[in-house]
Amino acid sequence: MPGPRPQSQSNRIGLLMEPMELADRLGRWSADRGPLYLLLARRLRTLIDDGELRSGTRLPPDRALAKALAVGRSTVVAAYDLLATESRVVRRQGSGTKVAGSETLPARESTHSPAFLQLLEPDAGVIALACAAPTTPPPELTQAYRHILPELAAADGDIGYHPAGYLPLRTVIADRYRARGVPTDPEQILVTGGGQQALSLLARVLLRPGDRVLVEAPTYPGALEAFREAGAVPRTAPIGLGTVNAAVLAYVVATCQNPTGSVLSALPRRTLVESARKAGVALIDDEVLADLTFPGTEPPPPPLAHYDPSVISVGSLSKIVWGGLRVGWVRAPVPLIARLSRVRAVHDLGGNIPAQLAAAWLLHDLDRLRGRITQQRKETHDVLVYELATRLPDWEIPAVSGGQTLWIRLPRGDGTSFAQRALRHGVAILPGAGLDASGGSTDHIRISFVADPAELREAARRLAQAWRGYRPPDRPAQAAPPLAV
């Protein structure tokens with residue numbers, strides 16, 4: 001089975017940077033005013049000056065990059081030529097374009113996943129539907145902080161460093177798991193700075209370079225980044241993973257799968273858990289979106305840990321409450337929680353205690369908050385599905401029963417080049433290729449429906465306008481060749 005595409009071809013000195021990789025790093029380069037070649041040159045200049053494009057890196061050929069960016073070849077030629085006059089790149093007939101300067105050893109790589117780089121971009125008048133997260137904290141969050149102030153003021157004899165998390169919050173989280181049919185003690189809970197930190201800590205503790213990780217294709221890109229950082233090799237399987245074997249770790253989003261929104265039924269859950277146990281494969285159930293099933297839909301089956309208490313569960317309040325409340329958790333056997341706590345202590349000594357107190361207050365009344373939030377999600381989902389179906393009747397737009405995103409297969413072209421086209425019409429969406437470690441899903445896009453209805457209507461109008469003027473490349477933009485494994 002194919003392995004992952006190399007996450008940084010340019011990190012190997014002298015190799016050609018793939019067009020799709022460079023398109024990812026460019027971010028919202030075209031979401032400003034001015035000639036496209038100047039905007040492209042400006043962003044390339046910044047990447048070179050900041051060391052993200054290192055000396056000796058071979059840039060994509062003019063025509064290949066133009067196809068990936070859905071622009072004319074003259075735009076890329078003019079941008080490269082401008083940088084050449086500034087001595088930032090060297091262009092030679094027959095040798096292509098290379099970042100100026102002698103080849104140097106690569107720096108330690110940072111992420112270039114579009115899902116993360118979108119967070120670093122200014123708004124620039126763009127409707128941001130690439131990142132799926134609430135845009136406004138609910139009033140309950142303010143109420144929670146007001147509620148915990150007396151408790152915080154009365155704190156005494158506590159230095160505030162709790163690497164495993166504040167015990168009252170760990171207790172509330174354990175209580176919620178018990179209520180869902182998963183016996184859990186507070187010692188089985190580690191509080192983290194959100195679900196992403198939970199995945200990063202698990203990857204650091206459980207994986208070594210070269211280890212195989214079984215993931216769904218497609219899946220949450222943040223998990224792929226965490227596994228990549230640990231040097232692991234993703235091995236892909238269909239949604240739900242099926243039967244697990246020949247891996248060190250398996251990662252699944254069983255409820256409101258990111259990005260498809262699917263919910264794994266009870267029998268496949270049991271089969272997955274039993275096969276992982278039999279094969280000795282550690283299994284992570286990412287439940288960050290599990291509270292986001294729409295009202296009126298059938299409740300999801302129990303979490304995977306219901307079938308085997310050794311299953312590792314990851315949760316967070318970032319999607320149901322607000323991303324700025326950086327509180328997540330891991331539920332796992334006590335020895336693993338102890339190892340994770342020791343690693344976590346090295347990085348930040350312990351989490352934000354006021355935030356954890358507020359989270360504990362919110363969790364006591366989360367079901368009421370969940371009812372209102374999921375109703376809002378259902379309404380915005382319906383708005384976006386209707387608008388896209390009306391304006392873009394040739395698109396495949398499967399409705400979902402929960403979550404935050406639509407997973408759309410384009411009838412022609414590829415997600416990378418169309419996302420570039422959409423960006424120039426003021427809408428940021430996520431190309432599917434970055435969510436699929438097999439190198440597939442190039443013809444898909446992920447669009448968040450977590451936004452104001454009026455904003456979603458405007459986004460649909462802009463996307464329809466972008467689609468009318470979209471001319472696919474002669475052949476779809478491809479991921480870099482997969483590693484041999």
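Helices (H or I, at least four residues) and strands (E, at least two) are DSSP runs, numbered from the N terminus. The structure is a predicted model, in which local features need pLDDT of at least 70 and side-chain atom pairs count only at pLDDT 80 or more, whereas totals for chains, interfaces and linings use all residues. Residues are numbered from 1 along each chain as its sequence is written, and side-chain values use heavy atoms, with hydrogens and water left out.

**Figure 1. Helix H7 and the residue that follows it.** Just after H7, glycine 181 takes a positive phi of about 90°. The end C-alpha atoms of H7 are 18 Å apart, which agrees with the 18 Å that its 13 residues should span at 1.5 Å a residue; the expected span is 1.5 Å times one less than the number of residues. Leu169, Arg170, Val172, Ile173, Ala174 and Tyr177 are the buried residues of H7, where buried means under 20% relative accessible area, exposed over 50%, and partly exposed in between (1.4 Å probe, protein chains only). These buried residues pack against E5, strand E10 (312-316), E11, helix H11 (334-348) and H12, contact meaning heavy atoms within 4.5 Å.

**Figure 2. Helix H12 in its surroundings.** H12 (residues 353-364) has 12 residues and reaches 17 Å from its first C-alpha to its last, close to the 16 Å expected at 1.5 Å a residue. Because 9 of the 12 residues are buried, H12 is largely enclosed by the rest of the structure. The buried residues are Ile353, Ala355, Gln356, Leu357, Ala358, Ala359, Ala360, Leu362 and Leu363. Their packing partners are H6, H7, strand E5 (189-192), strand E11 (328-331) and helix H13 (366-391). At the start of H12, the backbone nitrogen of alanine 355 has a side-chain oxygen of asparagine 352 within 2.9 Å.

Figure 3. Glutamate 140 forms a salt bridge with arginine 372, with the closest N and O atoms 2.5 Å apart. Glutamate 140 lies in helix H6 and arginine 372 in helix H13, so the pair ties together parts that are 232 residues apart in sequence. A salt bridge is a side-chain nitrogen of Lys or Arg within 4 Å of a carboxyl oxygen of Asp or Glu. Glutamate 140 counts as buried at 6% relative accessibility, while arginine 372 is partly exposed, with a relative accessible area of 30%. The structure holds 24 salt bridges.

**Figure 4. The salt bridge of aspartate 443 and arginine 409.** In this pair, the closest N and O atoms are 3.0 Å apart. The bridge links distant parts of the chain, 34 residues apart: aspartate 443 in the loop between strand E14 (430-431) and strand E15 (444-448), and arginine 409 in strand E12 (residues 405-409). Aspartate 443 is buried, with a relative accessible area of 18%, whereas arginine 409, with a relative accessible area of 38%, is partly exposed.

**Figure 5. A network of salt bridges.** Salt bridges that share partners join Arg45, Asp49, Glu86 and Arg88 into one network. Arginine 88 counts as partly exposed at 23% relative accessibility, and glutamate 86 counts as partly exposed at 28%.

**Figure 6. The loop residue alanine 232.** Alanine 232 is placed in the loop between helix H9 (221-229) and strand E7 (233-237). At 9% relative accessibility, alanine 232 counts as buried. Not counting residues up to four places away in sequence, alanine 232 touches Leu207, Arg208, Gly210, Asp211, Val213 and Phe227. A distance of 9.7 Å separates the C-alpha atoms of alanine 232 and leucine 249, which are 17 residues apart along the chain.

**Figure 7. A nonpolar surface patch.** Ile159, Tyr161 and Leu349 form a nonpolar patch on the surface, with about 350 Å² of accessible area together. Patches are made of residues with over 30% relative accessible area and no salt bridge, with like charges joined within 9 Å and nonpolar side chains (Val, Leu, Ile, Met, Phe, Trp, Tyr) within 5 Å. Accessible areas come from the Shrake-Rupley method with a 1.4 Å probe; for residues, only the protein chains shown count as cover. Isoleucine 159 lies in the loop between helix H6 (139-153) and helix H7 (167-179), and at 70% relative accessibility isoleucine 159 counts as exposed.

Note on methods:
Polar contact = N/O pair within 3.5 Å; in protein donor to acceptor, adjacent residues only side chain to side chain.
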